[in-house]
Amino acid sequence: MSDLIQASLAEIRARLAGGDVSAEAVAKACLDRIAETEPSIHALITVREQALEEARALDAQGPDASKPLWGVPVTVKDAIVTKGTRTTAGSKILGGFNPFYDAFVVERLKEAGAVIIGKNNMDEFAMGSSTENSAFGPTRNPRDPERIPGGSSGGSAASVAANQCYASLGTDTGGSIRQPAALCGCVGLKPTYGRVSRYGVIAYGSSLDQVGPLTRTVEDAALVLSVIAGHDKRDSTSSPRPVDGYADFSRSDLKGVRLGVPREFMAEGLDGPVAKACQDALARARDLGAELVDVSLPHATRHAIAAYYIVAMAEASSNLSRFDGVRYGYRAAEPKNLDDLYCRSRSEGFGQEVQRRILLGTYVLSAGYYDAYYKKAAQVRRLIRQDYLNALGSCDALFGPVSPVTAWKLGSIIDDPLKMYLMDIYTVSLNLAGLPGLSFPVGEADGLPVGMQLIGKDFDEAGILGIGNVLSK
């Protein structure tokens with residue numbers, strides 16, 4: 001079955017539609033691959049054994065041309081609620097949560113005929129850059145199990161890279177789709193904020209979170225985005241803007257394309273071998289006909305980390321206040337009183353990193369500090385967005401690195417939160433700006449994958465997918 005599990009989503013979709021292989025056979029091949037790789041990778045928290053039964057039901061009905069993902073096995077990050085399947089957000093506090101409804105994106109996957117075979121491991125409540133913060137243990141990089149896969153959607157990226165599925169859904173709050181995609185050698189797309197509904201996504205930072213696909217090819221990412229994009233009246237931040245056609249890849253070169261290269265992204269701080277791979281990718285873009293334009297994002301690197309973590313932690317403090325041990329989730333045993341119930345349920349149910357961010361978020365929102373921290377971060381956020389708009393005013397897209405380094409060793413920086421936060425230096429500013437970003441492999445450094453990202457204008461996913469498809473071949 002190796003030819004099945006190594007196929008791209010587009011290839012397996014064609015084989016399923018043509019009747020060359022059954023949905024049950026494809027699902028079984030993926031489940032067998034999961035059984036083979038999970039002991040060393042741990043990309044999943046829950047494997048949906050009912051997936052085989054669902055695949056058989058699809059076979060009984062026969063291929064359906066109206067369902068673009070008919071019979072295709074996919075996985076979903078465990079922050080995205082799935083009816084009847086345990087959804088934990090990587091946390092002990094939700095260890096027994098079994099949702100009674102589907103998230104919008106899960107509804108879309110099911111309507112498209114996809115078979116959801118598992119829920120991916122993740123940093124607890126999407127707080128992390130390495131998928132080491134999960135209450136269920138760390139995920140490992142399929143390219144080197146001694147290294148991290150990135151985070152917080154590390155389980156989703158590892159699942160795709162290990163050929164456990166043909167696509168996965170992750171969430172990107174500060175680079176959590178793009179960074180693990182780059183470190184695992186696959187494709188990751190963060191859509192424009194509001195392009196994909198957040199209904200049914202367990203919130204970390206509500207003004208930053210966005211759902212997107214992780215896949216093996218750019219074409220596959222476009223196919224998945226065309227399924228999950230669209231307006232949802234249940235999400236007040238969901239855009240009513242019509243969905244573009246994302247699967248038109250008629251472009252064969254980059255003639256007439258202007259790519260902005262942010263000088264701050266290519267400056268000191270980028271690891272030497274990674275910088276070399278990025279320079280080679282820029283040269284390839286030039287050879288394909290693109291015009292490379294030097295642009296500046298003066299606030300995006302200097303202030304993005306500080307502004308992002310203030311905004312994100314403040315929103316996390318508010319969002320996670322609902323987990324109090326009273327209504328649902330983990331509850332401490334035999335509390336002495338209500339205060340004891342709150343304190344022990346949260347301190348026992350949340351991991352160290354989540355507690356750190358809740359405390360910091362509460363602090364920056366407190367009386368006397370709101371103006372000095374949160375309000376100032378919101379003002380800087382506006383400046384960062386304006387930097388991007390100014391740069392994109394003279395370019396079709398921006399092109400730069402995703403991570404300053406390749407995948408690092410497990411445990412090497414988990415005890416240094418500040419150093420871990422700095423690993424997001426090239427990604428968090430895009431979430432503050434709300435713009436789309438596409439990460440894809442451009443080479444290797446010391447035998448490990450290197451990814452770069454294309455950054456587009458609002459709702460120009462089609463543009464960056466078209467450019468990325470040319471560059472990634």
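Modeller: Two strands are said to pair when DSSP finds at least two bridges between them, and with that in mind we can read this structure, which is a predicted model.

Biologist: In which sense do strand S5 and strand S10 pair?

Modeller: Strand S5 covers residues 187–190 and strand S10 covers residues 437–445, and three bridges join them. One place to look is Gly188, which stands opposite Ser439 in S10. The sense in which S5 and S10 pair is antiparallel.

Biologist: Over how many bridges do S10 and strand S11 pair?

Modeller: Strand S11 takes in residues 448–455, and its pairing with S10 is antiparallel. Leu438, for example, has Leu454 in S11 as its bridge partner. The number of bridges between S10 and S11 is eight.

Biologist: Which residue in the turn between S10 and S11 has a positive phi?

Modeller: S10 and S11 form a hairpin, and two residues lie between the strands. In that turn, a positive phi of about 55° belongs to Asp446.

Biologist: Are H10 and H12 roughly parallel or roughly perpendicular to each other?

Modeller: Two packed helices are described by the angle between their axes and the distance between the axes. The axes of helix H10 (residues 304–319) and helix H12 (residues 352–365) come within 7 Å and cross at roughly 100°. Angles of 65 to 115 degrees count as roughly perpendicular, and therefore H10 and H12 are roughly perpendicular.

Biologist: How many nonpolar residues does the contact of H10 with H12 have?

Modeller: On the H10 side the contact includes Tyr309, Ile310 and Met313, while on the H12 side Arg357, Ile358 and Leu360 are among those that they and their neighbours meet. Sorted by class, the contact of H10 with H12 has three polar residues and one charged residue, and the number of nonpolar residues is eight.

Biologist: Is Ser429 buried or exposed?

Modeller: Ser429 is found in helix H15, which spans residues 428–433. Leaving aside its neighbours within four places in sequence, Ser429 is in contact with Phe265, Ala300, Ala304, Ile384 and Tyr388. Because its relative accessible area is 0% and the cut-off lies at under 20%, Ser429 is buried.

Biologist: What is the relative accessible area of Ala161?

Modeller: Ala161 belongs to helix H6, made of residues 154–161, and, not counting residues up to four places away in sequence, Ala161 touches Pro142 and Cys184. Ala161 is partly exposed, and its relative accessible area is 29%.

Biologist: How far apart in space are Ala161 and Gln6?

Modeller: In sequence, Ala161 and Gln6 are 155 residues apart. In space, from C-alpha to C-alpha, the distance between Ala161 and Gln6 is 9.7 Å.

Methods. Residues numbered from 1 in each chain as written. Predicted model: local features only at pLDDT ≥ 70, side-chain atom pairs only at ≥ 80, totals over all residues. Heavy atoms only, no water. Helix = DSSP H or I, 4+ residues; strand = E, 2+ residues; numbered from the N terminus. Buried < 20%, exposed > 50% of the residue type's maximum accessible area, 1.4 Å probe, protein only. Contact = heavy atoms within 4.5 Å. Axes fitted to C-alpha atoms, helices over the stretch in contact; angles between N-to-C directions. Parallel < 35°, antiparallel > 145°, perpendicular 65-115°, else oblique. Nonpolar A, V, L, I, M, F, W, Y, C, P; charged D, E, K, R; others polar.
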